[in-house]
Amino acid sequence: MKRVSFVILCVVALAVVVFSGETCMVEAVTCNPIELSPCLAAIMVPSQPPSAACCSKLKEQQPCFCGYIKDPTLKQYMNNPNIPKVASSCGVAYPPKC
């Protein structure tokens, strides 16, 4: 009887570990700078606040920022001083260095 209880306990513990790891998985972000197009108005006109769509995309694309900054074709755009301001308005951290 003790052996059966131990086996059941091990199976339950294994199931908890497997399923709890599954809930912690984060869906991978597809880095696509075109996704940030809803932010163009706020970036180009500093007095215009970012839209909800802009903030949503900034949050979604945040893991990609350093990749964009390091990309020679995107670097000139990502170095725009208004981008960190827009990100800050949305509550998104913009990396000071990559």
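Phe 65 belongs to helix α4 (residues 65-70) and Tyr 94 to the segment after α6 (82-89), so the pair ties together parts 29 residues apart in sequence. Helices here are DSSP runs of H or I with at least four residues, numbered from the N terminus. Both Phe 65 and Tyr 94 are buried, meaning under 20% relative accessible area with a 1.4 Å probe and protein chains only; exposed means over 50%, and partly exposed is in between.

A word on the model: it is predicted, with local features needing pLDDT of at least 70 and side-chain atom pairs 80 or more, while totals for chains, interfaces and linings use all residues. Numbering runs from 1 along each chain as its sequence is written, and side-chain values use heavy atoms, leaving out hydrogens and water.

Asn 82 is buried, at 13% relative accessible area. Its side chain reaches the backbone oxygen of Ile 43 at 2.9 Å. Beyond neighbours within four places in sequence, Asn 82 is in contact (heavy atoms within 4.5 Å) with Ile 43 and Pro 46.

Then there's Met 44, in helix α2 (residues 40-44). Met 44 is exposed, with a relative accessible area of 59%.

Technical notes. Helix = DSSP H or I, 4+ residues; strand = E, 2+ residues; numbered from the N terminus. Polar contact = N/O pair within 3.5 Å; in protein donor to acceptor, adjacent residues only side chain to side chain.
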